[in-house]
Amino acid sequence: MLRKTIITASFALMLGLGGCAPPSDEPKTEEEAAAEATEQQAEKAAEEAKEEVAESEPAPAPKPRPKPRPVAEPEPPAPPPVCNECGVVASVTPVKEKGSGSGAGAVIGAIAGGVIGHQFGGGRGKDVATAGGAVLGGVAGHEVEKRARSTTYYAIAVNMENGSVQTVNVPDPAGISAGMRVRVVGNTIQAR
């Protein structure tokens, strides 16, 4: 039915346009008036046909939008491997270790103490003072020798990357201080 209406409207429009002449000042004849009316009817029919076609056609389906792809969060970088020899210095503590006495200090101390003790007292008191001076001098001489032979070393505590705490005794810290990153190799410490 729609097609028939369109064809009729198109045919009427063609007929009406075929006899068009430029407007004139003369009055229109009946035929001209009828042709003009037919032309207007054809135009009206063509417009109605266009409207029917527009109404009868379904609206175009909207283009499907692409679904957003889920954005995967980047994987965090793998932690660096744990260095079992590496760590941070927690503390540097000097430790004084007494040396061992060879006996020479005791002998020298006893002689010196005996000589000093002999200066005091008289008679039997002099002998007691000499013996007491020798004993005290021997003990003092032994202590002096041990202190003279004492050594100082440094106990360095290191918090290791693997979670343990290691203490290394070194004779000289060589510029190592608390908070410094180091590597422990055997009984030595190296700055990193």
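A disulfide is a pair of cysteine sulfur atoms within 2.5 Å. A search of the whole structure finds 1 of them. Before I show it, two remarks on the model. This is a predicted model, where local features need pLDDT of at least 70 and side-chain atom pairs count only at pLDDT 80 or more, while totals for chains, interfaces and linings use all residues. Residues are numbered from 1 along each chain as its sequence is written, and side-chain values use heavy atoms, with hydrogens and water left out.

Back to the disulfide. C83 is joined to C86, with 2.0 Å from S to S. The torsion about that S-S bond is about 60°, so the disulfide is right-handed. Are these cysteines buried or exposed? Buried means under 20% relative accessible area, exposed means over 50%, and partly exposed is in between, using a 1.4 Å probe and protein chains only. C83 has 18% relative accessibility, so C83 counts as buried. C86 is buried too, at 1%.

Next, the core. A nonpolar core is a set of buried Ala, Val, Leu, Ile, Met, Phe, Trp, Tyr and Cys residues joined through side-chain atoms within 4.5 Å. The largest one here has 10 residues, among them V89, M160 and I176. Which strands each supply at least two of its residues? Strand 2 (151-160), strand 3 (165-170) and strand 4 (181-185) do. Strand 2 gives the most, with 3 residues. Strands are DSSP runs of E, at least two residues; helices are runs of H or I, at least four; both are numbered from the N terminus.

Look at I176. Contact means heavy atoms within 4.5 Å. Setting aside neighbours within four places in sequence, I176 contacts V89, V92, I156, V182 and I189.

Now T152, in strand 2. At 37% relative accessibility, T152 is partly exposed. Not counting residues up to four places away in sequence, T152 touches P94, V95, K96 and P171. T152 and V170 are 18 residues apart along the chain, and their C-alpha atoms are separated by 9.3 Å.

On to A174, in the loop between strand 3 and strand 4. A174 is not a glycine, yet its phi is positive, about 50°. Its relative accessibility is 61%, so A174 counts as exposed.

Last stop: helix 3. I111 is found there, within residues 104-118. At 55% relative accessibility, I111 counts as exposed. Thank you.
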